[in-house]
Amino acid sequence: MKNIRRANERGHAQHGWLDSYHTFSFANYYDPNWMGFRSLRVINDDLVMPGMGFGTHPHQDMEIITYVLSGALEHKDSMGNGRVIGPGEVQYMAAGTGVRHSEFNPSPDEGVHLLQIWIVPARKGLEPRYAEKSLGQAARPNDLTLLFAAEPRGDAVGIRADAEIFFGRLDAKQKLVHRFSPGRAQWLHVIEGEISVSGETLKAGDGAAIENAESLEIQSREGAQFLLFDLK
């Protein structure tokens, strides 16, 4: 394990309407030691207050993934997509040559808690595109579920980065083992609960970089959910 990023060491921005924790440098938060990991550039843990949101703004040449943990998020973009994303739903937007979008909490009384992830694409200058995925019954217990991949298989969504993104769910006192291809690196982000990885305990909001490993054994004490990024 190369490095551990504890939840309470992340960058923090409190804007009143938005409470955000940054795993990596983002906006006004800058730490040269945390500029991303391989092609993984951003993991923001955001809580958007009722009736508030991000106004229309541009993106270019970035793979953007949004996972709603609780509440609802209304998305509109210049490609013509308009959708309210609910808990357990994952949204993918390839910004490509350029796209504008807004993200808004339509609820008058409930905050929306989400993770927003940015990955640097393998190629620039491609047409923007959009997709959605609901974990639903596809998220297998005590296993990894492939959500996104450069070469998708099963129900995974194809992305324009040399990366695979897995959702993991473990019940109490369960474990799983995942094997890696040579030359790859991994980032693990805990969504909720507590897990043990290579003798290290990781809790909600914690992240860990793994390099030069053939496999990873992940154990849960009281139940946990996490994301595992497999990166070139």
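This is a short talk on one predicted protein model and what its atoms show.

Some ground rules come before the tour. Residues are numbered from 1 along each chain as its sequence is written, and side-chain values use heavy atoms, with hydrogens and water left out. Because the model is predicted, local features need pLDDT of at least 70 and side-chain atom pairs count only at pLDDT 80 or more, while totals for chains, interfaces and linings use all residues.

Let's begin with the overall picture. The protein has zero helices and 20 strands. Those elements are DSSP runs, numbered from the N terminus: helices are H or I with at least four residues, strands are E with at least two.

Next, the dimensions. The C-alpha atoms fill a box of roughly 45 × 40 × 40 Å, taken along the principal axes. The radius of gyration is 17 Å, which agrees with the value near 17 Å for a compact globule of 232 residues. That radius is taken over C-alpha atoms, and the globule rule is 2.2 Å times the number of residues to the power 0.38.

How much of the protein is buried? Buried residues make up 52% of the 232 residues. Here, buried means under 20% relative accessible area, exposed means over 50%, and partly exposed is in between, with a 1.4 Å probe and protein chains only.

Now the surface. The protein exposes about 10700 Å², and carbon and sulfur atoms supply 45% of it. Accessible areas come from the Shrake-Rupley method with a 1.4 Å probe; for residues, only the protein chains shown count as cover.

On to contacts, meaning heavy atoms within 4.5 Å. Take the contacts with a separation of 6 or more: residues 24 or more positions apart account for 71% of them.

Charges next. There are 24 positive and 30 negative side chains. The centres of the two sets lie 4 Å apart. Lys and Arg count as positive, Asp and Glu as negative; His and the chain ends are not counted. Each charge is placed at NZ of Lys, CZ of Arg, CG of Asp or CD of Glu.

How many salt bridges are there? The count comes to 13. The rule asks for a side-chain nitrogen of Lys or Arg within 4 Å of a carboxyl oxygen of Asp or Glu.

In one, Glu-211 meets Arg-38 at 2.8 Å, N to O. Glu-211 lies in strand E19, residues 207-211, and Arg-38 in the loop between strand E3 (18-22) and strand E4 (40-48), so the pair ties together parts 173 residues apart in sequence. Glu-211 is partly exposed at 22% relative accessible area. Arg-38 is partly exposed too, at 41%. There is another point about Arg-38: its phi is positive, about 55°, although it is not a glycine.

Another pair is Lys-175 and Glu-217, at 3.8 Å, N to O. Lys-175 lies in strand E16 (175-179) and Glu-217 in strand E20 (215-231), so this bridge ties together parts 42 residues apart in sequence. Lys-175 is partly exposed, at 46%. Glu-217 is partly exposed, at 34%.

Strand E20 also holds Arg-221. Arg-221 meets Glu-194 in a salt bridge of 2.7 Å, N to O. Glu-194 sits in strand E17 (185-197), so the pair ties together parts 27 residues apart in sequence. Arg-221 is partly exposed, at 44%, whereas Glu-194 counts as buried, at 18%.

Salt bridges link Arg-6, Glu-200 and Asp-206.

Ser-20 lies in strand E3. Is Ser-20 buried or exposed? Ser-20 is buried, with a relative accessible area of 3%. Beyond residues up to four places away in sequence, Ser-20 touches Gly-11, His-12, Ala-13, Asn-44, Asp-45 and Asp-46. Ser-20 and Arg-160 are 140 residues apart in sequence and 26 Å apart in space, C-alpha to C-alpha.

Then Asp-61, in the loop between strand E5 (53-59) and strand E6 (63-70). Its phi is near 50°, a positive value in a residue other than glycine. Asp-61 is buried, at 16%.

Last stop, Gly-88. Where is Gly-88? In the loop between strand E8 (82-85) and strand E9 (89-94). Gly-88 counts as buried, at 18% relative accessibility. Setting aside neighbours within four places in sequence, Gly-88 is in contact with Tyr-67, Val-68, Lys-133, Ser-134 and Leu-135. The C-alpha atoms of Gly-88 and Gly-16, 72 residues apart along the chain, are separated by 25 Å.
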